[in-house]
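Student: Could we go through this structure together, beginning with the contact between its chains?

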Amino acid sequence: MFGLDKGDKMESGFYGSSLKCKFEESGLANTHAIMEKAVRWFESRSIFVVAYGTGCGAIEMPPTFTSRYDAERMGVVGVATPRQADLIILSGYLAYKTLRRVIRTYEQMQKPRYIMSLGSCPINGGMYWDSYNTIKKLDDYIPVDVAVTGCMPRPEAVIDGFVLLQERIRNGEKAGWEKYDENLKFYKDNQKRVLGGHVDPAYETDWYNLNGGGIA
Amino acid sequence: MDLASKLEKLSLELVQKNDYLYKVSVKIDQLESLLLSFINEFNYITLDSINCRDDLEDGLFTITYCLQTEARDHIVMVQTSIERETASLPTMHTIWPQAEIMEREMHEMFGVDFPGHPTLIDFALEYWDNIPPLRRDFDTLEYVNSMNPFRGQRTDALDTKEEMKKKREAKKAAKLKAEQEAAAKAAQEEQNNPKQEVSGDE
Ligand code: SF4
């Protein structure tokens, strides 16, 4: 069995030393499962992030990724475009206009893909709860994997979110993008409700032929 | 000619608010010529902002143009009223380029029309098909509740007060236990080697 020993903290220096192969325990026969576990472990240690500064929380991104808090020691690195990213961070409240672009961005990402939201605004509206132009529950529109609370969350909390996400990836828990595929109609209906059907281009919708379209 | 006498000639009243702030109210048909004379004759060359106030009870929009002098030492607020129903204003983007974006915003938020404006399209909102949101007859709360209902309460939500109390008590108990243990340990050590200490003193 591959994996970190329980209680082995990510910050404990050279993580390679804590990778242990316990072949006897799991039985060598089940090589496939072992390989899968290994892949998941490596995946959890290389998360490429596109940070979408939707709201005020964006200001916590630079210290998180630079020398002060150094998210890179956990294998979390920023990238420039969604097509190269595993994780999108939505840092704050989302106006309808932003949500439209976020959906477009998210659907450009390659699977497996994850979403992390920062702050109370994407959870329940936060202090923008009575805005005519801001959504309240982000997870109605796109599948949020980790919601970090706070207004705004400190880099420590963001890093905690990374650790949680990595744990989930390692444990092979069902990720948001799988839920998105399974419940696409639910998400698309919600999106259409607030965006008035103006969600373009209709990538996923076309794939699943829900929009009357369909590409080969 | 100074500002006050010029305005007197036009039978307008100049209200001085403080050392650097004036206000003048004007009819809509005099607006454009007055703004131009402020620029050309009195050097109020900068347009700071165009503001709109919704006087729902009177059926009016009150529009305020804030102009500033070149030396940045005086501001004049030129105020005018327009009908709420028709809500149309002459565009000022030919005089001040920055008026273009201000008017575009006002068009979106209050539904004021600017004939001849080149870019009266969506600004911050997109595909908005309701009453313009800053008009006072737009019921923001009702709209928000219909579009974005609150998340229901968690079924496994705990009482914060009680949980914090429990936490504090557990902390206290742990502290007490640690203290007792430390005391017991110290006592034991003393019992184990009491002679060493004595010999140390000698
Ligand atoms: S949760 Fe707070 S910091 Fe974050 S977007 Fe909302 S208001 Fe801003």
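**Between the chains**

Tutor: R100(A) and E126(B) form a salt bridge, their closest N and O atoms being 2.2 Å apart; the term means a side-chain nitrogen of Lys or Arg within 4 Å of a carboxyl oxygen of Asp or Glu. This is a predicted model, in which local features need pLDDT of at least 70, side-chain atom pairs count only at pLDDT 80 or more, and totals for chains, interfaces and linings use all residues. Residues are numbered from 1 along each chain as its sequence is written, chains are lettered from A and ligands numbered from 1 in the order in which they are written, and side-chain values use heavy atoms, with hydrogens and water left out.

Student: How many salt bridges cross the interface of chain B and chain A?

Tutor: The rule finds 3 salt bridges there.

Student: And what area is buried between the two chains?

Tutor: About 1800 Å², with carbon and sulfur atoms giving 52%. Buried area is the accessible area (1.4 Å probe) that two parts lose on being put together, summed over both. In contacts, meaning heavy atoms within 4.5 Å, 20 residues of chain B meet 22 residues of chain A.

Student: Changing topic: is S91(A) buried or exposed?

Tutor: S91(A) is buried because its relative accessibility is 1%, where buried means under 20% relative accessible area, exposed over 50% and partly exposed in between (1.4 Å probe, protein chains only).

Student: What does S91(A) touch?

Tutor: Leaving aside neighbours within four places in sequence, its contacts include Y52(A), C56(A) and L118(A).
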